[in-house]
Structure formats: C-alpha cells, structure tokens
Amino acid sequence: MNHINNQFLSIEQLSNQYLNQTKVNQNVRTTEGLSFEEVLQGLQSKEVRFSKHAVNRLNDRNIELTSEQLERLNDGARRAGEKGIKESLVLVDELAFIVNTRSNTVITAMDQTETKENIFTNIDGAVIT
C-alpha cells in the first residue's frame with residue numbers, strides 16, 4: 001500500500017509549495033559546463049568597486065580616471081590581494097587609492113594635493129603601478 005504524506009491540507013497548498021520551489025530553483029545560478037580555469041578567470045577579472053565615500057571623494061576632488069588608470073588600479077588591487085595585503089595603498093600616477101582587497105572595494109581616493117603629508121594610516125601594504 002502506498003503511503004500518502006498528509007503534510008498539506010489541500011491541493012492548493014501542495015501546488016503552491018511546488019510552484020515556490022520551482023521559482024527558487026530557477027534563480028539558482030550554476031557554473032555547469034564551465035571548466036575550473038574559466039571559473040577562476042571570471043573571479044580574477046573582477047574590477048574594483050568604489051564605495052560611496054570614494055565616489056564622493058572622486059567627485060569632490062574632480063578626479064577622473066582614464067581607462068588605462070582604472071586598469072592599473074585593478075591590477076594593483078589584484079596584486080595586493082595575491083600578496084595577502086588586506087588594506088592596500090595603490091598609487092596610480094599622482095592618484096592614491098586605499099583598497100580593501102577582501103571586498104575588492106576602493107575605500108577612498110586622493111590626488112597629489114591631498115597627499116602632501118605623505119602619511120597613510122590603517123594599511124598593511126602598498127602597490128605602485
């Protein structure tokens with residue numbers, strides 16, 4: 001004799017449970033079909049994000065990054081992370097960026113007029129690109 005699960009009180013509850021489970025499964029992103037190398041390259045190609053504070057500093061100081069400078073900033077942040085640096089100073093031309101390498105986020109940005117004292121605190125490494 002077949003055993004029937006009486007966990008649902010009605011067909012509607014059962015169908016709602018099924019439909020909700022289907023929606024959840026459709027939102028799951030998988031990496032099926034990708035090689036390990038492709039997944040790793042995708043992780044390594046992440047660009048830095050800019051915190052709200054950093055965006056405000058860039059705007060306040062009229063700092064505009066060229067695509068080449070942004071590429072160097074990304075490379076510097078990646079290299080700092082590879083060396084185990086958690087909070088890095090990344091110098092790109094006359095610009096200085098403090099980057100949290102764990103979250104790949106620029107915390108703040110300064111130009112040469114802001115770095116007159118040449119004192120940077122709360123960092124554990126620096127990269128000059």
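## Close-ups of the sheet, its helices and its salt bridges

View 1. Ser88 has a relative accessible area of 0%, so it counts as buried (under 20% relative accessible area; exposed is over 50%, partly exposed in between, with a 1.4 Å probe and protein chains only). This is a predicted model, in which local features need pLDDT of at least 70 and side-chain atom pairs count only at pLDDT 80 or more, while totals for chains, interfaces and linings use all residues. Residues are numbered from 1 along each chain as its sequence is written, and side-chain values use heavy atoms, with hydrogens and water left out. Ser88 sits in strand β2 (helices, H or I, are DSSP runs of at least four residues and strands, E, of at least two, numbered from the N terminus). Its bridge partner in β3 is Val99. Beyond its neighbours within four places in sequence, Ser88 is in contact with residues including Ala80, Phe97, Ile123 and Val127 (contact means heavy atoms within 4.5 Å).

**View 2. The five-stranded sheet.** Here 5 strands make an open, mixed sheet in the order β1-β4-β3-β2-β5. β1 and β5 are at the edges with a single partner strand each, so one side of each has no neighbour in the sheet. Strands β2 (residues 87–92) and β3 (residues 95–100) pair in the antiparallel sense over 6 bridges (two strands pair if DSSP finds at least two bridges between them). Glu87 has Asn100 as its bridge partner in β3. On to β5 (residues 125–128): β2 pairs with this strand in the parallel sense over 4 bridges, and Leu91 has Ile128 as its bridge partner there.

View 3. Helix α4 (residues 67–82) lies across β1, β2, β3, β4 and β5, at about 150° to β2. α3 lies across β1, β3 and β4 (105–110), at about 25° to β4. For these angles, axes are lines fitted to C-alpha atoms, for helices over the stretch in contact, and angles run from 0 to 180 degrees between N-to-C directions. The largest nonpolar core has 13 residues, and Val48, Leu73, Phe97, Val99 and Val106 touch the most other members (a nonpolar core is a set of buried Ala, Val, Leu, Ile, Met, Phe, Trp, Tyr and Cys residues joined through side-chain atoms within 4.5 Å). β3 gives the most to this core, with 3 residues.

**View 4. Ser51, between β1 and α3.** Ser51 is in the loop between β1 (49–50) and α3 (52–60). Its side chain reaches the backbone nitrogen of Ala54 at 3.1 Å. Leaving out neighbours within four places in sequence, Ser51 is in contact with Thr105, Val106 and Ile107.

View 5. Arg72 makes a salt bridge with Asp93, with the closest N and O atoms 3.0 Å apart (a salt bridge is a side-chain nitrogen of Lys or Arg within 4 Å of a carboxyl oxygen of Asp or Glu). That pair ties together distant parts of the chain, 21 residues apart: Arg72 in helix α4 and Asp93 in the loop between β2 and β3. Asp93 also takes a positive phi near 55° in the hairpin. Arg72 forms another salt bridge with Glu68, at 3.2 Å between the closest N and O atoms; both lie in helix α4, 4 residues apart. Arg72 counts as buried at 19% relative accessibility, while Glu68 at 42% is partly exposed.

Technical notes
A polar contact is a pair of N or O atoms within 3.5 Å; within protein, one must be able to donate a hydrogen and the other to accept it, and residues adjacent in sequence count only if both atoms are side-chain atoms.
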